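Subject: Structure handover

Hello,

I am passing on the structure we spoke about. Please look through it first; my notes come after it.

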Amino acid sequence: MNCDECQENISVFLDNELDETLSLSIQTHLLACRDCAKVCEDFAVILDSCRVEKPSEIVPPNSQALWCRINNIIESEPKREPETVETRKGWFSRGWQFSQIGSVVLGVALISSLLTVIGMRNYFEPSTVDFTSRTSASQTTFEKVLSRVGLSDTPQQSRMRRFQEQQAAIEYWNKRAQERRVQWDNKMRDAFDRNLYEIDQAVSEYTTILQQDPQDDLSGEMLDSTLNEKMNLLRAFSEL
Amino acid sequence: MIRELKNCLRFLSDRKTTILLWLSVVFFFAPVSNEVLGQKRFSRNYPAIKNVRLQLLNRSGTVIVEGWDRPEINISAYLESPAANIAPQSLSGTIFIDLVKDNQGRNGIGNVNFLIRVPRVSNVDIETRIGNLSVTNVGGNLVRACITTEGDITLTNIAAGAVDAQNGIGDIFFDGEMRTGGQYRFTSMRGNINLRIPFSSSFRLVATAPSTRNISLGSFANPEMTFGDGRRVIGRFGGGSAALTVTNQRGSIAFIRR
């Protein structure tokens with residue numbers, strides 16, 4: 001069992017609602033993994049405090065009187081007068097001209113056709129790759145607009161975010177691999193070190209390129225894939 | 001007493017050549033016999049039903065998988081000492097061998113070298129931490145060969161619908177056909193990737209060698225292939241029905257006409 005599976009099932013495990021096999025494998029994992037054991041402990045503390053807490057500490061004293069006061073305040077507020085609406089008999093009576101109506105219709109048609117084109121492109125263009133590995137070239141118009149107004153990440157920003165996530169995972173697996181390292185024979189240790197060196201060389205190469213040219217999507221993509229390989233290497237060796 | 005000793009010495013001097021010959025024979029074969037004695041052999045046969053799948057995870061050693069015409073799977077393993085635990089499991093047509101799980105926490109286990117024979121139309125999924133992998137004469141839906149660290153991958157006479165070969169440091173050689181709509185992926189950190197495919201193949205190509213920029217398309221080069229700055233080649237060959245992705249972080253990529 002890995003940490004993700006364990007943490008996913010911790011809540012059900014604490015409720016004693018897991019089947020015996022899964023429960024046993026979680027117990028075994030918790031004995032071996034300090035991080036998951038800490039998560040389990042935190043969960044247990046929260047659950048205990050919920051059980052121990054008295055309802056009087058959650059509900060305010062004399063709650064009925066409080067609700068009455070709130071109700072009185074709402075009712076005592078002066079009601080708004082309904083706005084008088086000036087009735088119009090039609091668009092033409094507002095002084096609209098045929099040319100103005102025509103230009104409005106034309107504008108609506110133009111905007112809707114543009115939106116249709118953009119929508120179709122957005123529907124067909126995105127490939128199977130996830131957003132983190134998307135390049136600025138493959139970014140759709142809609143995404144570009146969103147990132148311009150700050151509503152979504154640019155490919156560079158999402159790459160940075162992804163990079164930080166990968167680094168965190170690498171640190172975790174590296175710690176576990178180092179704990180296991182004493183159990184490997186010399187051949188394993190040498191092969192591991194040589195491969196890690198190669199990967200680190202590649203990471204440093206791509207990082208240097210990206211520092212000089214943050215728009216270099218290919219180096220970003222390669223950095224992402226190299227960090228994944230490093231993570232896989234560490235994970236594979238931490239299981240030995 | 002002295003006379004007996006003298007007789008003995010005379011006997012030895014008379015047969016000096018024969019004794020020397022025998023001693024040399026003993027010394028010559030001594031290391032070989034030690035090696036044989038230090039190795040255990042494991043062998044097992046399984047009847048093959050439809051949709052055979054071999055799933056093997058080795059720690060270290062060579063793995064050779066060969067396709068044959070018999071409806072059975074034959075697993076032979078040579079275990080160097082200290083011998084690893086090996087416990088294959090057969091479940092609805094899939095043979096599972098997981099030496100990492102079977103030997104977790106054990107120190108200094110010897111190499112396990114496999115020779116596995118499977119029906120030609122089998123799915124093969126093999127992985128090792130260190131060592132060479134070789135698959136020959138297999139044409140099922142999937143051939144996957146993965147080396148976590150070092151070793152060469154050799155895939156010959158392959159006609160699978162999907163091929164995935166991945167290693168750290170080492171060469172990858174593929175010699176086979178590409179099926180319509182198939183998916184083929186070759187990934188290495190450092191080494192040479194050589195692909196020998198028929199000229200009648202049809203594929204969409206993404207080949208990347210960012211460090212060396214050494215991508216040789218050979219006979220497969222055509223105006224539909226774009227080289228950009230040399231780090232990546234994207235293009236189409238023939239109708240472009242299969243997807244071919246080749247990535248070599250710090251090595252070369254070469255295409256050879258079959």
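Predicted model: local features only at pLDDT ≥ 70, side-chain atom pairs only at ≥ 80, totals over all residues.

Helices of chain A

Helix 9 (residues 186–212) and helix 10 (residues 217–238) of chain A have axes 9 Å apart and pack at an angle of about 155 degrees. Because of that angle, helix 9 of chain A is roughly antiparallel to helix 10 of chain A. Their crossing is left-handed. From helix 9 of chain A the contact takes in residues including Phe192(A), Ile199(A) and Tyr206(A), and from helix 10 of chain A residues including Met222(A), Leu223(A) and Phe237(A). By class, this contact has 13 nonpolar, five polar and two charged residues.

Helix 10 of chain A also meets helix 8 (residues 155–180) of chain A: the two axes come within 8 Å and cross at roughly 20 degrees. This makes helix 8 of chain A roughly parallel to helix 10 of chain A. Here too the crossing is left-handed. Among the residues of helix 8 of chain A in this contact are Arg159(A), Arg162(A) and Trp173(A); among those of helix 10 of chain A are Asp217(A), Asp224(A) and Arg235(A). The contact of helix 8 with helix 10 of chain A divides into nine nonpolar, four polar and eight charged residues.

Sheet of chain B

In chain B, 10 strands form an open sheet with mixed pairing, in the order 5-6-2-8-10-12-14-19-16-18. Strand 5 (89–91) and strand 18 (232–237) of chain B are at the edges with a single partner strand each, so one side of each has no neighbour in the sheet. On average, neighbouring strands of this sheet are turned by 10 degrees against each other, direction ignored. Strand 14 and strand 19 (residues 242–248) of chain B pair in the parallel sense over six bridges. One bridge there joins Gln183(B) to Ala243(B) in strand 19 of chain B.

Where the chains meet

Helix 9 of chain A packs on this sheet and touches strand 2, strand 8, strand 12 and strand 14 of chain B; its direction makes about 100 degrees with that of strand 12 of chain B. Between the chains, 21 residues of chain B are in contact with 20 residues of chain A. Strand 2 (52–60), strand 8 (122–130), strand 12 (162–169) and strand 14 (183–190) are the elements of chain B that give two or more residues to its side of this contact. That side has five nonpolar, nine polar and seven charged residues.

Regards

Terms used
Residues numbered from 1 in each chain as written. Chains lettered and ligands numbered in written order. Axes fitted to C-alpha atoms, helices over the stretch in contact; angles between N-to-C directions. Helix = DSSP H or I, 4+ residues; strand = E, 2+ residues; numbered from the N terminus. Parallel < 35°, antiparallel > 145°, perpendicular 65-115°, else oblique. Left-handed = near helix turned anticlockwise from the far one by under 90°. Contact = placed C-beta atoms within 7 Å. Nonpolar A, V, L, I, M, F, W, Y, C, P; charged D, E, K, R; others polar. Pairing = 2+ DSSP bridges.
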